[in-house]
4 protein chains.
Amino acid sequence: MKNTFGNNLTMTIFGESHGPCIGITLDGLPSGFPVDQKAILEDMKKRKAAGKISTQRHEDDIPQIVSGLFQGKTTGTPLTILISNQDQHSKDYESLKGRLRPGHADYTAYKRYNGYQDYRGGGHFSGRLTACMVAGGSICKQILAARGVKIGSHLEQCGTILDKPFSSDKEQCAREIDQMNQKAFAVLDPHKEDAMKQEILLAQQEGDSIGGILETVVLNYPAGIGDPIFDSLEGLLSHGLYAIPAVKAVSFGEGFGFARLKGSQANDAFICDRTIQTRTNHNAGINGGISNGMPILIHTCIKPTPSIYKTQDSVDYLTKENVQLKIEGRHDPCILHRARIVVDCMCAFVLLDAWMSKAGLEAFMEDPYAC
Amino acid sequence: MKNTFGNNLTMTIFGESHGPCIGITLDGLPSGFPVDQKAILEDMKKRKAAGKISTQRHEDDIPQIVSGLFQGKTTGTPLTILISNQDQHSKDYESLKGRLRPGHADYTAYKRYNGYQDYRGGGHFSGRLTACMVAGGSICKQILAARGVKIGSHLEQCGTILDKPFSSDKEQCAREIDQMNQKAFAVLDPHKEDAMKQEILLAQQEGDSIGGILETVVLNYPAGIGDPIFDSLEGLLSHGLYAIPAVKAVSFGEGFGFARLKGSQANDAFICDRTIQTRTNHNAGINGGISNGMPILIHTCIKPTPSIYKTQDSVDYLTKENVQLKIEGRHDPCILHRARIVVDCMCAFVLLDAWMSKAGLEAFMEDPYAC
Amino acid sequence: MKNTFGNNLTMTIFGESHGPCIGITLDGLPSGFPVDQKAILEDMKKRKAAGKISTQRHEDDIPQIVSGLFQGKTTGTPLTILISNQDQHSKDYESLKGRLRPGHADYTAYKRYNGYQDYRGGGHFSGRLTACMVAGGSICKQILAARGVKIGSHLEQCGTILDKPFSSDKEQCAREIDQMNQKAFAVLDPHKEDAMKQEILLAQQEGDSIGGILETVVLNYPAGIGDPIFDSLEGLLSHGLYAIPAVKAVSFGEGFGFARLKGSQANDAFICDRTIQTRTNHNAGINGGISNGMPILIHTCIKPTPSIYKTQDSVDYLTKENVQLKIEGRHDPCILHRARIVVDCMCAFVLLDAWMSKAGLEAFMEDPYAC
Amino acid sequence: MKNTFGNNLTMTIFGESHGPCIGITLDGLPSGFPVDQKAILEDMKKRKAAGKISTQRHEDDIPQIVSGLFQGKTTGTPLTILISNQDQHSKDYESLKGRLRPGHADYTAYKRYNGYQDYRGGGHFSGRLTACMVAGGSICKQILAARGVKIGSHLEQCGTILDKPFSSDKEQCAREIDQMNQKAFAVLDPHKEDAMKQEILLAQQEGDSIGGILETVVLNYPAGIGDPIFDSLEGLLSHGLYAIPAVKAVSFGEGFGFARLKGSQANDAFICDRTIQTRTNHNAGINGGISNGMPILIHTCIKPTPSIYKTQDSVDYLTKENVQLKIEGRHDPCILHRARIVVDCMCAFVLLDAWMSKAGLEAFMEDPYAC
């Protein structure tokens, strides 16, 4: 389905980095939900480049909802959001034409589209498209929040610097999520924030870039959502997360760490204390692809930004010659802190869709204003 | 889509561990392909329990193709394969009814299906369903092999024992794949095979289990297949792989290791030596979701089998009481070596579907026997 | 999606006329529904060939549910039904190989599959596949019936003989549906039944065949189901109905008759008498693709069976020669009376899927046997 | 999938009649196709209201392609077209709020969306949305035309006036298609054009409206496209056509006329004269859901416009009272002549998608501009 994703709720994403605008269509939303447009703007701001640690391409990124919203509430028909492109420097890319940027999709796009792709700024492959995911997913996050679901991420690892993990105490974790959602640079341990930023600046001075790992937690998601086999929450979440450029690894709970555990260590014992819970949560709130009511824990690795200022070996596909390439223009030395809200929003979309697939659209629809 | 997966080529999986049979329907196959049923049986054998290191539930697992095959060749209409269930001990599970096995989907299935699920042997959640993935994916593997694509996996890590990685030399790697595909227990370093088996037996003696990590490599897959955003090869492959019970982490190339690399280390420089290639392959043959012609490298973590003989804390959901649970019956102390062929077959399915989505069904159809 | 259809509830159909069996997988059923297998058999019987007015190929057509049913109730995981093929005369078709039967799919299958299709008895194109639609749709009909929805069809036109239409009085119509569902040959006006049967027998004596039109009515389907644009009830129903071989026209309410009406005649005025209803029902209970609570009225045209005993002009695609063709074997002089239950079952499937898409799976799930 | 349709090629439609804009996203287009924007404008013009026989709402309807087009050619990534709404008279609808217009979707939208729909001008149910289908389908028509496929429709019946049918001679039919595509009011028999227009004007003077039937023909579509069961060309075409508001009947070839034919009359005998063809074409170029290379013939009934100036009985759903309703504002006395191009464009979309599903994207991609 290429640019459309979801079962009952779908998102369709379109646009290129240097075209007039990019956009997203959400189809299947419940009707009557009062969309908080300020909250969308706040999420957009978290994705925005800011300060020295980000690219100097600055855009307002004010999402314009052109359909599906009437008198401030969702209508239930497709909600389309447009975001204009403003601060393109298309000329920066003219000189690159034909010269393949390592780590980017220039070569694969050329093979996939026979050379007809819009190569300016990565075109449809640009990280800029994630602005659409934020604008759309932010609405999903609001709908989930209205039902008590909290979603948040922090920079668990940025370059070589490690943050402390989310607390396993649910109430403390809830407070941490709230904290992270207030911050532009989402780190739990305040001492690590400066260290991470310094590592980013250092990479920038070297004309290089760094990546890292995001830890995402979802609280209060009900038990019994998801399916075995292909609609497992893990399958759906990872499918959505890999749509974010630069993601190269996704895991749940102990993730690859399961390899060194024994069954007796990896299993989460059940206890009944009013409700059925598990004592530990190695399996990240998901068994057999279905939520068990415990926190959902996701790790997502964002590779270092491929755009660097160092000279790199490359090929010009127009001349078939080996060349030396130095990418000019404006890039991020690190996109991890900006990717955090994209991950939150994509998770919100997937989890809302899965929930609606079971509970139905009606369960999410507002009571009619007239019988 | 729950039990149906794929774009142009789809697989639909059905059945329960203790029902009369399980099965798979492949829809969208090219017509005229001569299916090698012996090769399917060999793949089924790799998934089969064998020796002391596996469960004592033994079944012939002879796939019966009931449609879509005529005079030994695919017709192009749905190809359905049935596999009968033979060696069920359904009584083993009667005593468990209501008692939640930690690490299993008992609780989530109960919440998802209101208690109406077939709880015997995990029902539709059973690892037994992976026999369908092998039977179907094995045909996809044959179609890819006829076009020169090689797929193979080895046990990169089993418990605490590490194997050496696949060679980065393409010809050596091709030989290693062939070797692995001859072996029941796929390990590259012969010294590690015994160590791994001993660790499995030791876990078994302790009434415990272990897991591990599979490294999968795909050679000769053409460049230009896949799509940005939602039909990225990473998104599609991970979605398919998470359909395999016990998978909790999937990554590509350096995977989570990208977090400690700089952009200059993570980027794969291009070189042109007749064809355009990359000097390194950190990105696992995939840029922007699309293949670049280099080997595709996947890591999949299989958690330790949740069925163990140790007494575990649990809850009886019928009585809501906290209970002590000891699982009787026959289980695998490790399923990693059996999961290997499941991963190969699922990857083959996804990669064939993606290729057909671009090149079209016709490109894969055999010439007509009559004009 | 070729052989899979539906949004939240899907059906996947497989098999060939002369293979070991045909089958259907229903995915997305609510769990806990007590399936009445006798009722399925009764529906299967309505589709079965019987008496002189049908083919002499007789098969028991006992559907075997091999998954998704546990202790008589749906589990919520895929429910697969197999139906064995018993009374094939494959030799009848050997002589036909290469010779294109007019009105059949022999030529198009040859072009579509390059000649690799199973040509015996129409293979996957056979009307026999409709047995799967009945077996699966019959369960959907039961689930709808448990919520008060009634579905029935009658032979509005068979050859040149016209039946009277369903009553526009809802209670009378309900009685008529019950009557039709008791009958093997569903005609409202008893005088017309014999006339129709005679016309069928006459066609048979001439080595010819006839077709006709089915009128289908659905009562008590709730208002507010369906969607504008692509998930309109008309779009979904017609898509499903055209999957039945021999259907060449589908219309709703006045259908093509709308062409001669004025807006003032075609509009259905609203009246409020406790509930909002329409005074007339020209639009067949559907406005803007969405149900309005009035009866849904569908007309489906079944073309005359293409298998006839008369000599026909044809081509042998193996030799490229013009030939004279006389089809031997056993055929139906009319399939209209057998198609009636197929149409009912397909409509039930589509309408259940659309309802579940709005109300959600949970609304259809039985209360748990244990909390 | 609600507002997204198609298999390999998809269209997603969004927007409301009185919002800032409406739009369509085409995903899965081949790359490198030179889009003729003038030709799109010409098709848009055919849909536009013009003269006395149409509504006085006039809009420029200039489609703005905001993505997926680079240097005049398709990139292969999503192509989104926006069309602004300009001449809304939203106040005309304020007075109608709560009062259900007979024949419209006001009541069903209210039930479907709990009253939160944008009720102005029909909102997302408006015929205005068909402008998106034209803009998108026009590109599909161009791609088909580049491969020799011709599509055209005429007003076979407008009110009580009948046009002559398309010629069964292929060359003559091709000329007729070209003629129709030059005309604003597509009628084959020039004597009937005035009669039809007079009937429209007469209906208008009475404050009433009329409908009619379109005959659509597709020439040179290759044999072997489509699938049995659910991807039959009939199923896909009718699904797409029912997305057009006001369509209530769709048929193929003889359509409901098959009911009065015998098998010997309905079957199309094969003849081989260099290529395999059929002597007659009762089955409209489709057997078993698959094209046979003969002209595809479709009939689509457009009901009379529900907006009329006559006083109608209705209900106010806010007060639950029976009311008398007189719709003010600007409406079409007939939309048949405007719907013609919408039908052509929707057919082009479906037929291109089906063709690409078999032949593959690559078969439609332009040669690369660089190696």
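A polar contact is a pair of N or O atoms within 3.5 Å, where, within protein, one atom must be able to donate a hydrogen and the other to accept it. With that in hand, the meeting of chains in this predicted model can be explored. Between chain B and chain A, 47 residue pairs are in polar contact, with both residues at pLDDT 80 or more. Strand β11 of chain B, residues 247-252, gives the most to the side of chain B that touches chain A, contributing six residues. Sorted by class, that side of chain B holds 44 nonpolar, 34 polar and 19 charged residues.

The contact between these two chains involves 97 residues of chain B and 97 residues of chain A. Together the chains bury about 7,900 Å², and 63% of this area lies on carbon and sulfur atoms. Three residues deserve a mention here: B:Phe230, B:Lys248 and B:Phe270 supply 11% of the area that chain B buries against chain A, more than any other three residues. Charged side chains also meet across this interface, where eight salt bridges are found. A salt bridge joins the side chains of A:Asp313 and B:Arg279, with a distance of 2.8 Å from N to O.

Strand β11 of chain A, residues 247-252, pairs with β11(B) in the antiparallel sense over three bridges. Within this pairing, A:Ser251 has B:Ala249 as its bridge partner. The two β11 strands belong to an open sheet of ten strands with antiparallel pairing, in the order β9(A)-β8(A)-β10(A)-β16(A)-β11(A)-β11(B)-β16(B)-β10(B)-β8(B)-β9(B). At its edges stand β9 (161-162) of chain A and β9 (161-162) of chain B; each has a single partner strand, so one side of each is left without a neighbour in the sheet.

On the chain B side, β11(B) is joined by five bridges to strand β16 of chain B, residues 296-302, and the two run antiparallel. One of the residue pairings here sets B:Ser251 against B:His299, its bridge partner in β16(B). A helix joins the picture as well: α7 of chain A, residues 233-241, packs on the sheet and touches β11 and β16 (296-302) of chain A together with β11 of chain B. The direction of helix α7 makes about 160° with that of β11(A).

Chain B also meets chain C. This contact takes 55 residues from chain C and 55 residues from chain B. The buried area is about 4,700 Å², of which carbon and sulfur atoms give 60%. Zero salt bridges are found across this interface, while twelve residue pairs are in polar contact, both residues being at pLDDT 80 or more. Several elements of chain C, including β3 (21-27), β7 (79-84) and α3 (106-113), each supply at least two residues of the side that touches chain B. Strand β2(C) gives the most to that side, with five residues. By class, the side of chain C that touches chain B divides into 21 nonpolar, 23 polar and eleven charged residues.

Chain B has a further sheet to look at. This open sheet of five strands has antiparallel pairing and the order β1-β2-β3-β7-β4. Its edges are formed by β1 (4-5) and β4 (64-65) of chain B, each with a single partner strand, so one side of each lacks a neighbour in the sheet. Strand β2 of chain B, residues 10-15, and strand β3 of chain B, residues 21-27, pair in the antiparallel sense over six bridges. In this pairing, B:Met11 stands opposite B:Leu26 of β3(B).

Methods: Residues numbered from 1 in each chain as written. Chains lettered and ligands numbered in written order. Predicted model: local features only at pLDDT ≥ 70, side-chain atom pairs only at ≥ 80, totals over all residues. Heavy atoms only, no water. Contact = heavy atoms within 4.5 Å. Buried area = accessible area lost by both parts, 1.4 Å probe. Salt bridge = Lys/Arg side-chain N within 4 Å of Asp/Glu carboxyl O. Polar contact = N/O pair within 3.5 Å; in protein donor to acceptor, adjacent residues only side chain to side chain. Helix = DSSP H or I, 4+ residues; strand = E, 2+ residues; numbered from the N terminus. Nonpolar A, V, L, I, M, F, W, Y, C, P; charged D, E, K, R; others polar. Pairing = 2+ DSSP bridges. Axes fitted to C-alpha atoms, helices over the stretch in contact; angles between N-to-C directions.
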